[in-house]
Amino acid sequence: MSESETESFRLRLSLPSHPVSVAAARSLVRALPRTPDELLGEIEIIVSELVTNAIRHGSLNVEDLIELELEATPTVVRGCVRDHGAPFSIPDAPPIDGEDGGFGLFISRKLADSLTIGRSGTGNEVWFTATPRAS
Amino acid sequence: MIHEGTFTVEVERTGEILRVSLAGELDIAVEQELVARVREAIAETDARSVVLDVATVSFIDSSGLRALLMCRDAAQARGLALVLAVPDGPVRRLLDVAGVAAWFDYE
């Protein structure tokens with residue numbers, strides 16, 4: 001196996017807590033090399049949800065940036081979104097019609113292979129992994 | 001002012017049907033304006049039913065999905081039936097992933 005097939009590729013982006021940051025975060029996903037289109041599409045949704053979540057529930061201080069990290073290896077894509085917001089958890093139950101909230105993390109959890117939330121300093125760290133579906 | 005993302009809303013009246021076609025990326029940046037535009041179209045019409053055509057939506061996440069649900073509720077509040085025109089694509093996939101396909105009626 002050549003070196004280019006084994007090495008990982010990392011991307012990082014700092015984003016202001018503003019709705020337009022969500023599209024910018026998706027652009028970073030599209031920049032991941034050697035990742036199948038279908039998987040990129042799923043990661044776009046996951047990242048969109050996690051950054052949206054950080055904007056909706058995070059700090060209102062515009063200087064508290066949201067940090068997005070992506071790493072593509074030949075077998076898996078890992079990502080992390082860090083914010084400065086209050087703690088939150090991943091809902092276990094599916095969303096209910098007429099009730100607000102909970103959709104984004106529920107969808108992320110279904111699309112990702114793993115989704116974990118941790119606290120770091122004054123904020124949250126949400127980690128995910130995603131791999132191509134076995135067909 | 002920062003540009004709030006790209007989407008378009010086109011409204012076309014055919015007989016008793018108001019067809020509202022959405023295009024672009026439906027996320028948190030366009031959620032509120034999208035709902036406002038569709039509400040406005042619904043408020044002005046004397047059509048009997050609304051088709052919300054999402055065939056050319058290129059991206060949607062839970063914020064866009066929430067906007068579609070608010071459009072559905074706005075039509076319902078005016079006594080109008082709202083159906084989705086949704087071929088295979090991003091919207092269909094998200095409805096399936098979220099498990100909410102049954103929350104809408106379809107064209």
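Buried residues account for 39% of the 107 residues in chain B. Keep in mind as you look around that this is a predicted model.

Let's stay with chain B for a moment. Along the principal axes, its C-alpha atoms fill a box of roughly 35 × 35 × 20 Å. What about the contacts inside the chain? Take those between residues at least 6 apart in sequence: 71% of them join residues at least 24 apart.

Now turn to where the two chains touch. Chain B puts 17 residues into this contact and chain A puts in 19. On the chain B side, the elements giving two or more residues are α2 (62–77) and α3 (90–98) of chain B. The largest share of that side, 4 residues, comes from α2(B). Sort the chain B side by class and you get 8 nonpolar, 4 polar and 5 charged residues.

Over in chain A, have a look at two helices, α2 (residues 21–30) and α3 (residues 37–57). They pack at an angle of about 150 degrees, with their axes 9 Å apart. An angle over 145 degrees counts as roughly antiparallel, so that is what α2(A) is to α3(A). The crossing of this pair is right-handed.

Which residues of α2(A) make the contact with α3(A)? They are S21(A), V22(A), A25(A), R26(A), V29(A) and R30(A). Notice the spacing: an α-helix has 3.6 residues a turn, so residues three or four places apart point the same way. From α3(A), the partners include L40(A), I43(A), V47(A), V51(A) and I55(A), along with E44(A). By class, this helix contact has 8 nonpolar, 3 polar and 3 charged residues.

Is α2(A) mostly covered or mostly open? Mostly covered, with 7 of its 10 residues buried. Those buried are S21(A), V22(A), A23(A), A25(A), R26(A), L28(A) and V29(A). What covers them includes β1 (9–15), α3 and β2 (66–72) of chain A, together with β2 (17–26) of chain B.

Note on methods. Residues numbered from 1 in each chain as written. Chains lettered and ligands numbered in written order. Predicted model: local features only at pLDDT ≥ 70, side-chain atom pairs only at ≥ 80, totals over all residues. Buried ≥ 20, exposed ≤ 12 C-beta atoms within 10 Å, placed from the backbone. Contact = placed C-beta atoms within 7 Å. Nonpolar A, V, L, I, M, F, W, Y, C, P; charged D, E, K, R; others polar. Axes fitted to C-alpha atoms, helices over the stretch in contact; angles between N-to-C directions. Parallel < 35°, antiparallel > 145°, perpendicular 65-115°, else oblique. Left-handed = near helix turned anticlockwise from the far one by under 90°.
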